[in-house]
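Hi there,

Here is the structure I promised to pass on. Have a look at it first, and my notes follow below.

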Amino acid sequence: MTTSRELIVRYVQQESEKVLRRIVRDTIREVRTNQRNNYKGDSKTKKAVRLNVWECIRNTLGTKFESGRHMFLCSCEGGDASVLSGLGLDYDSMIAVDHDPKSVTSFHNKFPNVEVHKSDISEALLDHDDLSSIYLDFTSQVSDSSLKHVYNATKALNPNGVIACTFSVGREKELNLNDNDNACLTRVRIFESYLKKRLGFKPNTLAYFSYKSDSDSRYGSLMLVIVFQVKPQKLKNTPFHKIDIYDFYRNIERLMHHQNLCSLLNSNETQVGIWCKRVREYPPSPRRSDFIVRMR
Ligand SMILES: C[S@@+](CC[C@H](N)C(=O)[O-])C[C@H]1O[C@@H](n2cnc3c(N)ncnc32)[C@H](O)[C@@H]1O
């Protein structure tokens, strides 16, 4: 027969196991939540890419750029919101989305007048069919899930709208090519044939950009940005811009006297002052020519 002492011991054991299990489960959940967003903010090269991509979108849309609405992934930094306001857009033309609650909160603190949604991008896209542009600045690879987001974005645009999407290149085991250009072009082929299958036509690709988000303390991954319109291919040759840190300084040289330079670089006056001084003292060399991709 079980004594009351044994019963108490068993009860305490069971309860402490439950508490332990709960702690382990909460820890895993917390780690998962933290892993959802490992974005560290823009490197200088990424700042150059962000500005050049939005300039490409603005040049394509012409006057519709200012009158349209633009959706992007916000992150805690809000680099896109900063660049767009630097290019002269009102905050009410921007829609920011992020599935990470912490990013949404800090973005909202920085840009309280921008509409922001805490949700998966594909869910947010469902509410729209007339956006002028969408920038899906993923840090993930070309994968089923990222391609599905891109396809969903094509349904949320107006007919002349532009989509830009960023992918990480080279971490996929089966596609780990050494040659950077080939590695990017392989992803471009996968991307374009996926969209061709789903849309029924090859999209009109406006530009490709590649870059490495290097910082002083670490090497970044190779990244690829594809900018396209959801209409049948018109351009025969698509420019491929390889962006590096000197493009960041070239942008500063080009825009040194722009009244919104701080917003265009998503940085504060002190930092921008230091960069401008550096560019005056050590002007960057002219840009080498980009290459043209004939994918067809
Ligand atoms: C590279 S950061 C975006 C940087 C941002 N465009 C900026 O202007 O600073 C990627 C962000 O997208 C978010 N994200 C990734 N996949 C998402 C998805 N499917 N739906 C919503 N947000 C997503 C991440 O939480 C992260 O904050």
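Which residues of helix 5 (residues 101-110) are buried? They are S103, V104 and F107. These residues cover an arc of only 100° around the axis, so they sit on the same side of helix 5; the arc is that of the directions from the helix axis to the C-beta atoms. P101 and N109, on the other side of helix 5, are exposed. Strand 2 and strand 3 (115-118) are among what covers the buried residues.

Before the rest, some ground rules. This is a predicted model, where local features need pLDDT of at least 70 and side-chain atom pairs count only at pLDDT 80 or more, while totals for chains, interfaces and linings use all residues. Residues are numbered from 1 along each chain as its sequence is written. Buried means 20 or more other C-beta atoms within 10 Å of a residue's own, exposed means 12 or fewer, and partly exposed is in between, with C-beta atoms placed from the backbone. Helices (H or I, at least four residues) and strands (E, at least two) are DSSP runs, numbered from the N terminus.

On confidence: pLDDT (the predictor's confidence in each residue, from 0 to 100) has a mean of 88 over the chain, and 86% of the residues reach 70 or more. Over residues 27-35 pLDDT stays under 50, and the model has zero contacts there beyond four places in sequence. A contact is a pair of C-beta atoms, placed from the backbone, within 7 Å. Where pLDDT is low, the predicted coordinates should not be read in detail.

Now the ligand. It is surrounded by 22 residues, the closest being L73, S75, G79, D80 and I121; to be near it, a residue needs its C-beta atom, placed from the backbone, within 6 Å. Strand 1 (70-73), helix 4 (79-86), strand 2 (94-98) and strand 4 (131-141) each give two or more residues to this shell, and strand 4 gives the most, with three.

Most residues other than glycine have a negative phi. S75 counts as buried because it has 24 C-beta neighbours inside 10 Å.

N266, in the loop between helix 10 (261-264) and helix 11 (269-281), also has a positive phi, near 45°. With 22 C-beta neighbours inside 10 Å, N266 counts as buried.

Happy browsing!

Definitions and conventions. Contact = placed C-beta atoms within 7 Å.
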